[in-house]
Amino acid sequence: MPIREMNREQIWLLPPTLDELVPSDHPARFVAEFVDALDREEWAKLGVDIEGDPLGAPAYHPRALLSVWLYGFMTNVRSCRKLEAACRDQIPYLWLTGWQHPDHNTLWRFYQRHRRSMRELLKRTVRTAVTVGLVDLAMQAVDGTKLAANAALRRTLDAEKLRKLLDRVESTIRELEAQNEGGDDGAPARLPKKLANQKALRQRVRQAMEDLPERERPSRYKRPTRINLTDKDARLMQTRQGVVPGYNAQAMVSPLAEKGGTSGMLVTAVDVVDEANDTARLTPMVEQAEEVTGVWVPMTLADAGYFAGKHVAEFHRRGHQVVMPDMARPTNHPYHKDQFSYDEENDRFTCPHGQRLPSAGHKDNKSKKARVYRIESASICRDCPAFGVCTTNALYGRTVEIGIHEAALRRHRSWMATEEAKRAYRRRMALVEPLFAILKNQLGARRFTLRGMDNVKAEWTMVATAFNLRTLWRVWRNQAVLNRAST
């Protein structure tokens, strides 16, 4: 076939406008529509003065700066310098800024000043979808993932290593100060760079030693408390890449409604914590999703990592259905306490062999509050054919401990054994787990770029907002295609 002619010096008789270079269904156009639709009250919630100051040099319009950041997060460009470069040579960014070129300092100052209020943008994406019926709020699913902090593992030290490091730093500072005091030259106008770095390190170490007691938590393993010099809020987390300083990032999602014409999910709540496990996160995430959506979703799907009796009891009290397996309790064991029948009138249990276990008082310590039921005589258990399987305690026999949430747990386990619960739980993996794969592989959220709890929460919220904007853009684009086809 013939070769098409190419000329890099081609001249247009009628030059195209910038608007003609951006397709009508481009995601940048959707970002612009989203930002332009913000009213004065919503800008105020973001802490942005949309009017500007009449005095001084003209500033870049907040609509341009916010559009650049949102589109950057959507396309995995989160570096200020990369965004600056994109605003010079990438057509979507040039279109969003109106052919203006904000530098990286301008972009950073805007993001730094307003990033903690960006949760309002996440809420707006969700409320927009809820208003037009794009979200199926009959069900929601929650999950978490470990993300590395912007800090090195070797900078995580315990009290002893901090003291040793401080001694080395003090010794280095004394040596450098002695070198600078020699000779007849006057004192330098500023500290030499190496000495200044050592003094800054000394200050960080001292601050870390002051913060260390606040991080102490009860641990059955008696491991020494550690703190990271680079990011004091990061904790050691087990990930697929090994142990790293990191955070536990949480997300709640709901599926898109069928009438939206697009499959997928929408993030309705996010959070970041420094706890490695998810046990305490279920109730806060459900409450945040309700606050963001304005709707109480009747069913929540969660994995066994969220299981706790207090959550089960609280949601049962509210009439909220939770689909969540109790993997730590093998109820199929023939002598599990769930196989013992309870006589509420006489306050006693009966074992599978018909032996009674009356109340034996309460157990109350720091880790557990429970009622105790014990066999009337240990000899009954020793003579039982199930001895060694049901219990191996020859001195006291079988004991059953009932927590304060036992009634709710029994109801929950019965519910989880139903086909309806099993069918609902099978949807959890397909609903929420693809979210983290998309965030990490397509939006580049494999590790945080900022440091400190407040900052990483803001960054995670921006990532979730970008994900929602991508989802809403697909619905917007498909609807535009349908409209063109109908006309």
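This is a predicted model: local features need pLDDT of at least 70, side-chain atom pairs count only at pLDDT 80 or more; totals for chains, interfaces and linings use all residues.

Biologist: L121 is found in helix α7, residues 119–131. Leaving out residues up to four places away in sequence, its contacts are F34, L38, L46, L66, L70 and T465.

Modeller: Is L121 buried or exposed?

Biologist: The cut-off for buried is under 20% relative accessible area. L121 has 2% relative accessibility, so it counts as buried.

Modeller: How far apart are the C-alpha atoms of L121 and F34?

Biologist: F34 is on the contact list of L121. Along the chain the two are 87 residues apart, while their C-alpha atoms are separated by 9.7 Å.

Modeller: What end-to-end C-alpha distance does α7 have, and what should its 13 residues span?

Biologist: At 1.5 Å a residue, the 13 residues should span 18 Å. The end C-alpha atoms agree with that, so the distance is 18 Å.

Modeller: Which element gives the largest share of the lining of the second largest pocket?

Biologist: That pocket has a volume of about 670 Å³. Of its 20 lining residues, the closest to the centre are T145, K146, R240, F436 and K440. β1 (140–148), β4 (235–239) and α14 (419–441) each supply at least two lining residues. The largest share, 6 residues, comes from β1.

Modeller: How many charged residues are in the lining of the second largest pocket?

Biologist: By class, 5 lining residues are nonpolar and 6 are polar. The charged ones number 9.

Conventions: Residues are numbered from 1 along each chain as its sequence is written. Side-chain values use heavy atoms; hydrogens and water are left out. Helices (H or I, at least four residues) and strands (E, at least two) are DSSP runs, numbered from the N terminus. Buried means under 20% relative accessible area, exposed over 50%, partly exposed in between (1.4 Å probe, protein chains only). Contact means heavy atoms within 4.5 Å. The expected span of a helix is 1.5 Å times one less than its number of residues. On a 1 Å grid over the protein atoms alone, a cavity is a set of points where a 1.4 Å probe fits but cannot get out, and a pocket is an open set with protein on both sides within 12 Å along at least five of seven lines; lining residues have an atom within 4 Å of a point. Grid points are joined across faces, edges and corners, and a volume is the space filled by probe spheres set on the points. Ala, Val, Leu, Ile, Met, Phe, Trp, Tyr, Cys and Pro count as nonpolar, Asp, Glu, Lys and Arg as charged, and the others, Gly among them, as polar.
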